[in-house]
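Please examine the sequence and the structure shown below. The report that follows describes selected local features in running text.

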Amino acid sequence: MEKFYLTTTLPYVNASPHIGFALEMVQADIICRYEGLLGKEVIFNTGTDEHGLKIHRSAETAGKTTQAYVDEYAAKFDQLKLALNLSYNRFVRTTDAHHKLAAQAFWEKCLAAGDIYKKTYQVKYCVGCELEKTDSELENGHCILHPNLVIELIDEENYFFRWSKYQQPLLDFYAANPDFVVPDFRFNEIKQFVKDGLQDFSVSRLKTKMPWGVPVPNDDNQVMYVWFDALVNYVSTLGWPEDEKTFVDFWGTDDKRNAIQVAGKDNLRQQSAMWQAMLMSAGLPNSKQIMIHGFINSGGQKMSKSLGNVVDPYELLARLQELGLTPEQATDSLRYYLAREISTFEDSDFTWERFKDSYNANLANGIGNLTSRILKMATSNNVVPLKWNDDNGDESYKTLMAGYKLHQASDVIWEIISDCDSYIQKHEPFKLIKVDHEAAEKQIQHLLGELHHIGLLLNPFMTHTSDEILKALENLSSGNIPHLFPRIE
């Protein structure tokens with residue numbers, strides 16, 4: 001069986017999940033479900049990033065031990081599996097004992113390659129990003145992504161990774177793999193960034209200043225910098241370095257790379273340049289592809305706690321259930337919005353009003369109404385469907401899914417829904433059945449076939465809805481017509 005491996009980034013556990021991370025999880029889940037439908041054996045990895053200064057300080061502010069703090073928030077992220085109907089089968093925590101050992105093994109390989117060295121340095125640092133910042137990356141002395149945080153100065157002796165050594169190897173790798181980063185405008189960004197020159201980056205912190213981290217091998221005074229440790233999760237979750245077979249099967253080899261990574265645009269540098277250089281240093285194959293998505297704004301503004309416009313997916317799902325939706329209907333309606341109404345690669349907007357309008361137009365009045373109409377025509381007139389076509393999509397759908405263009409692939413489904421509505425309006429089989437039963441029966445059979453096709457295409461996007469449609473079609477004689485999506489006010 002062909003193998004498929006995909007991993008999301010690991011969110012910091014210093015706050016509850018927000019809709020931006022829900023977007024990444026749903027996108028990744030759709031891709032993994034689709035690949036599973038193609039008959040591949042899938043490992044879908046996610047988890048939580050639990051080290052670093054930001055988390056240590058958040059725990060202190062909350063008056064909790066750091067371990068108790070990360071345990072609490074890791075559970076909140078893992079609960080997204082049920083809330084969003086996710087199919088991941090690996091959940092790695094960077095505080096897991098095996099991950100720590102893997103991070104140390106990875107460190108030893110980079111050290112043996114001559115790529116880790118020690119020096120004293122001074123640098124500007126954004127705790128929010130957990131990244132060093134140059135003056136060109138600051139605006140009025142503040143990080144663009146975290147303007148409310150004070151830029152800190154670090155002045156200490158740390159270990160560094162020899163990133164500058166990998167400028168040309170990275171550029172050569174990019175040239176040899178022209179679809180390595182999707183979309184291509186993000187690939188152009190990282191290629192330009194690397195062309196402009198790479199600076200070696202710190203991979204450790206003094207334990208006296210930041211005690212919450214993976215211990216550096218053979219140096220009790222230092223812990224690993226959070227980015228070095230966290231990135232290793234993509235291989236530690238596969239059992240690396242002990243489980244060589246699983247690693248080779250799913251991560252791949254230099255000749256057949258398998259690993260797909262999904263990340264937000266703020267992770268472009270880390271995933272497609274830092275991590276790739278680290279893999280080269282450790283003598284491991286590079287990732288196969290990096291898919292970069294945009295941000296979700298709220299009412300045209302960047303989401304922030306200070307503005308009070310952060311959308312909590314749990315709260316949104318609870319609101320939908322208060323309006324009469326079942327948990328499954330609420331989940332599928334959110335998955336629909338994130339897949340179709342949010343651009344896969346560009347920044348997009350979320351407001352309750354836009355969500356409600358889209359829900360009523362495309363779910364309640366769209367797929368919900370169409371399903372009801374077709375099934376009622378079939379059951380009330382005893383129409384027996386023709387043999388189902390189990391093909392999982394036309395070529396345009398397959399091409400779009402292969403290119404991770406999820407919102408365009410979902411558009412294909414809604415084009416079929418629209419075509420079916422037009423077909424019913426044009427031919428009016430519910431009227432024709434009274435005067436020409438045979439002709440009307442063929443039209444209803446055509447619509448049943450199209451509804452079956454819609455149900456198949458919906459499966460990666462809205463699994464519960466897909467199951468409801470296909471189950472109703474397989475049991476037409478029962479007369480059971482599901483009420484997929486009630487209108488909401």
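The side chain of Glu24 makes a polar contact with the side chain of His293, at 2.8 Å. A polar contact is a pair of N or O atoms within 3.5 Å; within protein, one must be able to donate a hydrogen and the other to accept it, and residues adjacent in sequence count only if both atoms are side-chain atoms. The model is predicted: local features need pLDDT of at least 70, side-chain atom pairs count only at pLDDT 80 or more, and totals for chains, interfaces and linings use all residues. Residues are numbered from 1 along each chain as its sequence is written, and side-chain values use heavy atoms, with hydrogens and water left out.

Glu24 is found in helix H1 (residues 19-37). Helices (H or I, at least four residues) and strands (E, at least two) are DSSP runs, numbered from the N terminus. Glu24 is buried but has no salt bridge, and the nearest side chain of opposite charge, that of Arg186, is 12 Å away. Buried means under 20% relative accessible area, exposed over 50%, and partly exposed in between (1.4 Å probe, protein chains only). A salt bridge is a side-chain nitrogen of Lys or Arg within 4 Å of a carboxyl oxygen of Asp or Glu. For charge, Lys and Arg count as positive and Asp and Glu as negative, while His and the chain ends are not counted.

Why is strand E14 largely enclosed by the rest of the structure? Five of the five residues of E14 (residues 289-293) are buried, so the strand is largely enclosed.

Two strands pair if DSSP finds at least two bridges between them. Strand E13 (residues 259-264) pairs with E14 in the parallel sense over five bridges, and Ile260 stands opposite Gln289. Strand E9 (residues 181-182) also runs parallel to E14, joined to it by two bridges; here Val181 is opposite Ile290. E13, helix H11 (residues 268-282) and E14 form a right-handed β-α-β unit. A crossover is right-handed if, with the strands pointing away from the viewer, the path from the first strand over the helix to the second runs clockwise.

**Strand E2 and its partners**

Helix H1 takes part in another crossover: the chain passes from E1 through H1 to E2, and this β-α-β crossover is right-handed. Strand E1 (residues 3-8) and E2 pair in the parallel sense over five bridges, with Tyr5 opposite Ile43. E2 is also joined to E3 by four bridges, and these two strands run parallel; Gly47 has Val92 in E3 as its bridge partner. Strand E2 (residues 41-48) is mostly covered, as seven of its eight residues are buried.

**A three-strand sheet**

An open sheet of three strands has the order E16-E15-E17, with mixed pairing. Its edge strands are E16 (301-302) and E17 (348-350), each of which pairs on one side only. E15 (residues 296-298) pairs with E16 in the antiparallel sense over two bridges, and Asn297 has Lys302 in E16 as its bridge partner.

**Backbone angles**

Most residues other than glycine have a negative phi, and most peptide bonds are trans.

| Site | Angle | Location |
|---|---|---|
| Val182 to Pro183, cis | omega near 5° | Pro183: loop between E9 and helix H7 (184-195) |
| Trp240 to Pro241, cis | omega about 5° | Pro241: loop between helix H9 (233-236) and helix H10 (244-250) |

Is Asn218 buried or exposed? Asn218 counts as exposed, at 77% relative accessibility, while Asn85 counts as partly exposed, at 27%.

**Cysteines**

A disulfide is a covalent bond between the sulfur atoms of two cysteines. The rule applied here requires a pair of cysteine sulfur atoms within 2.5 Å, and by this rule the count is zero disulfides. Cys126 is in no disulfide; the nearest cysteine sulfur, that of Cys143, is 3.8 Å away. Cys126 is buried, with a relative accessible area of 2%, and Cys143 is buried, also with 2%.
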